[in-house]
Amino acid sequence: MGFNLDFALSTIPTIVGAIGATLLATVLSCLGASALGFSLEMIRRGGGAPGLAVRFLIDFIRSTPVLAWLYFLYFVMPFYGIRLGAMTVGVMGLSLYYSGYLAEVFKAGIDAIPKGQQEAARALSLSRRDTVVFVIAPQMLRNVAAPLGNYVVSILKATPYLAILAVPEMLGRAFDIASETYRYAEPLTVAGILFLALALIVAYGVKRIEQRLLASGRR
């Protein structure tokens with residue numbers, strides 16, 4: 001059975017129709033992972049028992065597969081009366097999983113800031129919150145723009161995992177077509193090309209943001 005170009009072209013509308021779910025899961029997971037990862041890093045830096053607990057949690061998250069988190073959230077939480085939609089569980093799972101990695105990215109970004117910056121903030125009697133918001137965060141964003149962008153692309157490429165939860169994303173739609181027609185090459189090729197195009201667009205956008213942040217830092 002050879003590759004049928006006409007059939008491949010006929011699958012494009014169906015697979016492209018799922019691009020909204022793919023992008024929504026990517027954007028929400030990036031925001032969730034960034035917020036949770038930054039919070040984890042700030043708690044870890046606070047030290048004490050909470051810092052040690054978060055240190056263990058980050059290592060635990062990074063040592064477990066993303067599928068384990070998705071299965072746990074989707075199949076175990078209902079036993080405790082927590083029933084959420086597939087998209088919500090998928091976003092929670094990706095956010096939680098990538099927060100462990102982004103916490104390490106934020107750690108490196110903060111460590112790269114000269115210690116004199118925080119000492120100057122303390123000398124000016126800035127609160128911890130103001131120091132984080134106005135001193136640390138802007139400089140950290142410039143330091144982590146490139147690795148953060150790489151993780152945005154990684155989260156985009158991880159959205160096909162959500163197919164196991166029946167989230168209607170692009171790869172899931174491609175498999176639906178394949179299971180109905182017994183032709184796998186064409187829909188999976190189309191899905192792969194669309195993922196490549198999205199990854200290139202996201203990488204270009206991240207590169208532009210990184211250049212803007214670096215330019216603002218030189219002013």
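This is a predicted model: local features need pLDDT of at least 70, side-chain atom pairs count only at pLDDT 80 or more; totals for chains, interfaces and linings use all residues.
The UniProt record, an unreviewed entry, carries the annotation "domain: ABC transmembrane type-1" for residues 19–206. This span is 82% helix and 0% strand. Its end C-alpha atoms lie 19 Å apart. The unreviewed entry also lists residues 12–40 and 187–206 under "transmembrane region". Residues 12–40 are 93% helix and 0% strand, with end C-alpha atoms 41 Å apart. Residues 187–206 are 100% helix and 0% strand. Here the end C-alpha atoms are separated by 28 Å.

T26 sits in helix α2, which spans residues 19–46. The relative accessibility of T26 is 6%. Buried means under 20%, so T26 counts as buried. A polar atom of the T26 side chain lies 2.8 Å from the backbone oxygen of T22. Beyond its neighbours within four places in sequence, T26 is in contact with V152, I155, L156 and T159.

Two packed helices are described by the angle between their axes and the distance between the axes. Helix α3 covers residues 48–62, and helix α5 covers residues 86–111. Their axes come within 8 Å and cross at roughly 120°. Angles from 65 to 115 degrees count as roughly perpendicular, and those over 145 as roughly antiparallel. The α3 and α5 helices are therefore oblique to each other. Their crossing is left-handed. On the α3 side, the contact is made by I58, I61 and R62. On the α5 side, L96, Y97, S99, G100, Y101, A103 and E104 take part.

Technical notes:
Residues are numbered from 1 along each chain as its sequence is written. Side-chain values use heavy atoms; hydrogens and water are left out. UniProt positions are given in the numbering used here, feature names are shortened, and annotations may be inferred rather than shown by experiment. Helices (H or I, at least four residues) and strands (E, at least two) are DSSP runs, numbered from the N terminus. Buried means under 20% relative accessible area, exposed over 50%, partly exposed in between (1.4 Å probe, protein chains only). A polar contact is a pair of N or O atoms within 3.5 Å; within protein, one must be able to donate a hydrogen and the other to accept it, and residues adjacent in sequence count only if both atoms are side-chain atoms. Contact means heavy atoms within 4.5 Å. Axes are lines fitted to C-alpha atoms, for helices over the stretch in contact, and angles run from 0 to 180 degrees between N-to-C directions. Angles under 35 degrees count as roughly parallel, over 145 as roughly antiparallel, 65 to 115 as roughly perpendicular and the rest as oblique. A crossing is left-handed if the near helix is turned anticlockwise from the far one by less than a right angle, and right-handed if clockwise.
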